[in-house]
Amino acid sequence: MVIDELLATDLLEAWLRRRLLDQLTALAPPQDLAHQFFAASAVTSFLRQSQRLATVVFESLSVLDPELAQELYFRLLAGEATIAELLHHPDVRAGFGQAGSSSHQGPTSLIELPDNLLQPLLSCRVGSLCPPIQLEERFLLVRLLHRQPARLDPSSLSRVEQAFMDQWIATRVEELALQLTTQPPGEWPQDLVVALPS
């Protein structure tokens with residue numbers, strides 16, 4: 001039997017996933033099922049995370065020395081220089097012996113950023129300079145240039161619904177793999193979908 005052979009390999013979960021997708025596709029197109037069963041969850045999830053799903057554009061300067069980061073922060077606050085000017089300032093490179101890197105970043109979704117960068121960008125106003133942020137061994141000086149609130153348009157809703165569907169499929173495949181490896185062959189399910197998500 002196919003399942004006996006698959007139990008002896010690491011292909012069982014891939015085979016179960018394929019069979020489950022085939023059975024789901026026989027019921028309706030996958031995007032229709034995702035919408036039917038996960039639209040409410042997708043909207044709820046979006047509302048809970050809408051701030052974190054906003055996109056931002058920011059500029060940053062990165063240095064290794066925390067004291068240099070503080071000094072540059074105060075110079076930027078005082079309007080003595082811009083991030084672009086500080087990157088090329090001789091004191092930043094030669095005087096402190098460190099290479100800096102400046103960049104405009106974005107638009108990027110806040111949720112894709114590390115937490116210690118996400119939180120300051122969530123709370124600061126557009127145009128504001130954030131106090132030095134430690135990111136691993138470096139210190140970032142970040143100025144938020146633009147923030148675009150997230151919108152739940154049809155394509156975004158579809159992506160979130162599909163993510164929920166993918167998670168349900170992965171969970172169902174794990175359950176089925178466990179069932180097949182722990183139960184005698186006579187008790188194996190013939191229909192892998194068994195119960196659609198509620």
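Tutor: The side chains of D22 and R18 meet in a salt bridge, with N and O 2.9 Å apart; the term stands for a side-chain nitrogen of Lys or Arg within 4 Å of a carboxyl oxygen of Asp or Glu. The model is a predicted one, in which local features need pLDDT of at least 70 and side-chain atom pairs count only at pLDDT 80 or more, while totals for chains, interfaces and linings use all residues. Residues are numbered from 1 along each chain as its sequence is written, and side-chain values use heavy atoms, with hydrogens and water left out.

Both D22 and R18 belong to helix 2 (residues 12-27), where four residues, about one turn of the helix, separate them. Helices (H or I, at least four residues) and strands (E, at least two) are DSSP runs numbered from the N terminus. D22 is partly exposed at a relative accessible area of 41%, and R18 is likewise partly exposed at 46%. Here buried means under 20% relative accessible area, exposed over 50%, and partly exposed in between, for a 1.4 Å probe and protein chains only.

The structure holds five salt bridges. Another of them joins E59 to R143, whose closest N and O atoms are 3.7 Å apart. This pair links distant parts of the chain, since E59 lies in strand 1 (residues 55-63) and R143 in strand 4 (residues 138-148), 84 residues apart. Both E59 and R143 are buried.

A further salt bridge brings together E175 and R172, at 3.2 Å from N to O. These two stand three residues apart in helix 8, about one helical turn. E175 is partly exposed, with 43% relative accessibility, whereas R172 is buried at 11%.

Helix 8 (residues 154-182) also meets helix 3 (residues 30-49): their axes come within 7 Å and cross at roughly 105°. The axes are lines fitted to C-alpha atoms over the stretch in contact, with angles from 0 to 180 degrees between N-to-C directions. Helix 3 is therefore roughly perpendicular to helix 8, a description that covers angles of 65 to 115 degrees. On the side of helix 3, the residues making the contact (heavy atoms within 4.5 Å) include P30, L33, H35 and F38. Helix 8 contributes residues including L157, E161, M165 and W168. The residues of this contact divide into 12 nonpolar, four polar and one charged. In that division, Ala, Val, Leu, Ile, Met, Phe, Trp, Tyr, Cys and Pro count as nonpolar, Asp, Glu, Lys and Arg as charged, and the others, Gly among them, as polar.

As for the chain overall, it has eight helices and four strands, which run α-α-α-β-α-α-α-β-α-β-β-α from the N terminus on. Of its 198 residues, 37% count as buried. Among contacts between residues at least 6 apart in sequence, 71% join residues at least 24 apart.

Definitions and conventions
Parallel < 35°, antiparallel > 145°, perpendicular 65-115°, else oblique.
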